Amino acid sequence: MSETPKNAEILARFGHDRDNLMPILHEINNTRGFISELDMQEIACHLNISATDVYGTATFYSYLNTEPKGKYVVRLCKSLSCDMAGKEAVAAALEAAAGCTFGNNSNDGRFTLEYGNCMGWCDQGPAMLVNQNVHTHLTPATAKDILSQLK
Ligand code: FES
């Protein structure tokens, strides 16, 4: 099993220009699953910008995590078209399958359930993302199946 790279190793791959902020945030988020306060302070030092600036950027984008998340982050669309297409029943099935409610992580660390805004698949709702993978035309049964296949 490979070891998770330390911040110094990640930051060494990027220059000190502020334009590197988003690539660094992506790299740490994708490597560790979230960006901690210590990460933000070290990024700020590397780029010579304020930690507040880093925090503001990291918290602006919903796909960047600033708290520990499950191995699989499930984002169910909560916007109008998906809501009208049966989002509530799918949400209930996801909660039962994951063993946690929306806004929380499952105790086994596998899942985080979150609501998200429109993802652009309004005509194929209800829709959700599981990490980077899109699932559309969800029913309670297909939502449960999708989660049951994730180890
Ligand atoms: S309303 Fe759900 S993807 Fe657009």
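Asp83 and Lys87 form a salt bridge (a side-chain nitrogen of Lys or Arg within 4 Å of a carboxyl oxygen of Asp or Glu), and their closest N and O atoms are 3.3 Å apart. The model is predicted, so local features need pLDDT of at least 70 and side-chain atom pairs count only at pLDDT 80 or more, while totals for chains, interfaces and linings use all residues. Residues are numbered from 1 along each chain as its sequence is written, and side-chain values use heavy atoms, with hydrogens and water left out.

- Lys87 counts as buried, at 7% relative accessibility; buried means under 20% relative accessible area, exposed over 50%, and partly exposed in between (1.4 Å probe, protein chains only).
- Asp83 is partly exposed, with a relative accessible area of 33%.

**The pair Arg13 and Glu27**

- A salt bridge connects Arg13 with Glu27, with the closest N and O atoms 2.6 Å apart.
- This pair links distant parts of the chain, 14 residues apart: Arg13 is in the loop between helix 1 (7-11) and helix 2 (21-32), and Glu27 is in helix 2.
- Helices (H or I, at least four residues) are DSSP runs, numbered from the N terminus.
- Arg13 counts as exposed at 51% relative accessibility, whereas Glu27 is partly exposed at 26%.

**The pair Asp53 and Arg18**

- Asp53 forms a salt bridge with Arg18, and the closest N and O atoms are 2.9 Å apart.
- Because Asp53 lies in helix 4 (residues 51-60) and Arg18 in the loop between helix 1 and helix 2, the pair ties together parts that are 35 residues apart in sequence.
- Asp53 is partly exposed at 28% relative accessibility, and Arg18 is partly exposed at 39%.

**Packing of helix 2 and helix 4**

- Helix 2 and helix 4 pack at an angle of about 60°, and their axes are 11 Å apart.
- Here axes are lines fitted to C-alpha atoms, for helices over the stretch in contact, and angles run from 0 to 180 degrees between N-to-C directions.
- The contact (heavy atoms within 4.5 Å) is made by Leu21, Met22 and Leu25 of helix 2 and by Val54, Thr57 and Ala58 of helix 4.
- By class, this contact of helix 2 with helix 4 has five nonpolar, one polar and no charged residues.
- Ala, Val, Leu, Ile, Met, Phe, Trp, Tyr, Cys and Pro count as nonpolar, Asp, Glu, Lys and Arg as charged, and the others, Gly among them, as polar.

Definitions and conventions. Helix = DSSP H or I, 4+ residues; strand = E, 2+ residues; numbered from the N terminus.
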